[in-house]
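I wanted to look up charged side chains and how they pair. My entries follow the model shown here.

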Amino acid sequence: MSYLLIIGAKSDIAKEVAREYAKNGYNLYLASRQSEDLKDLANDIKIKSNVEVVLKEFDITKFETHSDFYDSLEPKPLGVIVVAGYMAEQKECENDFTKTLNTINVNFTGAVSILNIIANDMEKNKNGFIVGVSSVAGDRGRKANYIYGSSKAAFSAYLSGLRNRLFESKVQVLTVKPGFVATKMTAGLDLPAKLTAQPEDVAKDIFSAQQKGKDVLYTKSIWRIIMTIIKLIPEWKFKGMSL
């Protein structure tokens, strides 16, 4: 059976993605900081899905460790899903550059660092798939979250270029753009129920889109329409709005 590498495996979405892929026969590498916290999840998946689950210690912001980390994976994964994310309050980022830098390093720089390594290997082997979880927040900068949004915009652009590069090598690259998702990251926010997805639904959407070879996934799907409308608002009008 093939292995799937999940980076940022402690997030609510990542845990459900792990369950979904395991249910469909994939062995798992679950990579995160303090990966021992995932022991209960790993044991539960092993029992329910009868697959191998290997916990791997990984810090997406320690770029110098990324090559050794990937070299340690044997066998190499058929696919990788990057779910790592960090979202500080916009005002905190405006007043504390360490928060801004961590946002950029987790959501963009660290993801690029590890994916460059993995993409080179997959390109050489002409096989595999890469899934990057970005955000609808990257589709247009808004004053409410433009530090977070710009890091996700950069990640979406990177995945688009990577998809273009790896197409001839038959390596799939899927960009996932969730809207509101009920997770620990959004706990305490007043989210509209009809626009808010559950992590298990996002996981099912990711698996389905990846298996079908899609390029971009909005989840919930209504977010594609919402963000298309937002992107069409003229800048002279948009700059005075609060969205």
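I call a residue buried under 20% relative accessible area, exposed over 50%, and partly exposed in between (1.4 Å probe, protein chains only). This is a predicted model, in which local features need pLDDT of at least 70, side-chain atom pairs count only at pLDDT 80 or more, and totals for chains, interfaces and linings use all residues. Residues are numbered from 1 along each chain as its sequence is written, and side-chain values use heavy atoms, with hydrogens and water left out.

Entry 1. I looked up salt bridges (a side-chain nitrogen of Lys or Arg within 4 Å of a carboxyl oxygen of Asp or Glu). The structure has 11 of these salt bridges.

Entry 2. I found Glu 20 joined to Lys 23 by a salt bridge of 3.3 Å, N to O. Both are in helix H1 (residues 12–23), 3 residues apart, so about one helical turn separates them. Helices here are DSSP runs (H or I, at least four residues), as are strands (E, at least two), numbered from the N terminus. Glu 20 is buried at 10% relative accessible area, whereas Lys 23 is exposed at 54%.

Entry 3. Which residue does Arg 140 form a salt bridge with? The partner is Glu 235, with the closest N and O atoms 2.5 Å apart. Arg 140 lies in the loop between strand E5 (129–133) and helix H6 (146–166) and Glu 235 in helix H9 (residues 235–238), so the pair ties together parts 95 residues apart in sequence. Arg 140 is buried, at 13%; Glu 235 is exposed, at 51%.

Entry 4. I also noted a network of salt bridges that links Arg 19, Asp 44 and Lys 48.
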